Amino acid sequence: MATKIRLQRFGKKGKPFYHVVVADSRAPRDGKFIERLGSYNPNTNPATIELNFDKAVKWVLSGAEPTDTARAILSYKGVLYKKHLEGGIKKGALTQEQADAKFATWLDAKAGKIAGKTEGLASSKAEARKAALTAEAKKNEERAAAIAAKNAPVAEEVVEEATEEAPVVEAEAATEAPAEETQAEDKAE
């Protein structure tokens, strides 16, 4: 029987959640399976992956073929690297202690990368929150200034307008008078 390690979809529309399972290659995607190895939630950032490492290594070593996405998940968790090291032990290129040391250093490096990503996401989220708060405070100040200007006493503005309009009216009258005289002279001739 050909076995595959693949994802079995759960969750509602637009919010998928997957179980990582070992199933017969002829079985439907969400149908009968042999064993459940873990779960995968792509909705979180970084994606949440829970995997029974020992069972996954056992199935990969026994010949179960992972699908493309399942292969990426197994590689992310180190199952395929462990298989690679086990192959080196069988060939005699490595001892068990050397393989365990290499795998431990790989796990430490991987944990550092994951921690760096989560810290980076948290700091960018905090910076975005600070920027939003400063923008909101600035907008509130602008609104307060606009309201204060709107509620300012109206009498001062009326007095200023009256003093400004008076010279303009006199200047217009002065320019109109000579024009009227020239028109009257033209009619007389």
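Q: In what order do the elements of the protein chain run from the N terminus on?
A: In this predicted model, the elements of the protein chain follow the order β-β-β-β-α-β-α-α-α-α, read from the N terminus on.

Q: And how many helices and strands does the secondary structure come to?
A: The secondary structure of the protein chain comes to five helices and five strands.

Q: How much of the chain is buried?
A: Of the 189 residues in the protein chain, buried residues make up 21%. As for contacts with a separation of 6 or more, residues 24 or more positions apart account for 34% of them.

Q: Let's look at H2, then. Which of its residues are buried?
A: Helix H2, which spans residues 68–77, has Ala70, Ile73 and Leu74 as buried residues.

Q: Where do they sit around the axis?
A: Ala70, Ile73 and Leu74 cover an arc of only 95° around the axis, which puts them on the same side of H2. In general, an α-helix has 3.6 residues a turn, so residues three or four places apart point the same way.

Q: What covers those buried residues of H2?
A: The cover includes strands S1 (3–12), S3 (35–41), S4 (48–51) and S5 (65–66), together with helices H1 (53–61) and H3 (79–91).

Q: How do the axes of H2 and H4 cross?
A: The axes of H2 and H4, the latter being residues 96–150, come within 10 Å and cross at roughly 105°, and the two helices are therefore roughly perpendicular to each other.

Q: Which residues make that contact?
A: From H2 the contact is made by Ser75, Tyr76 and Lys77, and from H4 by Trp106, Lys110 and Ile114. By class, this contact of H2 with H4 has three nonpolar, one polar and two charged residues.

Q: What about the residue just after H2?
A: Just after H2 comes Gly78, which takes a positive phi of about 95°. Most residues other than glycine have a negative phi.

Q: Changing topic: is Gln8 buried or exposed?
A: Gln8, which is found in strand S1, is buried, with a relative accessible area of 3%.

Q: What does the side chain of Gln8 reach?
A: The side chain of Gln8 reaches the backbone oxygen of Gly31 at 2.9 Å. Leaving aside neighbours within four places in sequence, the residues in contact with Gln8 include Phe17, Tyr18, His19 and Phe33.

Q: One last thing: where is Pro46, and what is the peptide bond from Asn45 like?
A: Pro46 has its place in the loop between S3 and S4, and the peptide bond from Asn45 to Pro46 is cis, with omega near -5°, whereas most peptide bonds are trans.

Terms used
Residues numbered from 1 in each chain as written. Predicted model: local features only at pLDDT ≥ 70, side-chain atom pairs only at ≥ 80, totals over all residues. Heavy atoms only, no water. Axes fitted to C-alpha atoms, helices over the stretch in contact; angles between N-to-C directions. Helix = DSSP H or I, 4+ residues; strand = E, 2+ residues; numbered from the N terminus. Parallel < 35°, antiparallel > 145°, perpendicular 65-115°, else oblique. Contact = heavy atoms within 4.5 Å. Nonpolar A, V, L, I, M, F, W, Y, C, P; charged D, E, K, R; others polar. Buried < 20%, exposed > 50% of the residue type's maximum accessible area, 1.4 Å probe, protein only. Arc of directions from axis to C-beta. Polar contact = N/O pair within 3.5 Å; in protein donor to acceptor, adjacent residues only side chain to side chain.
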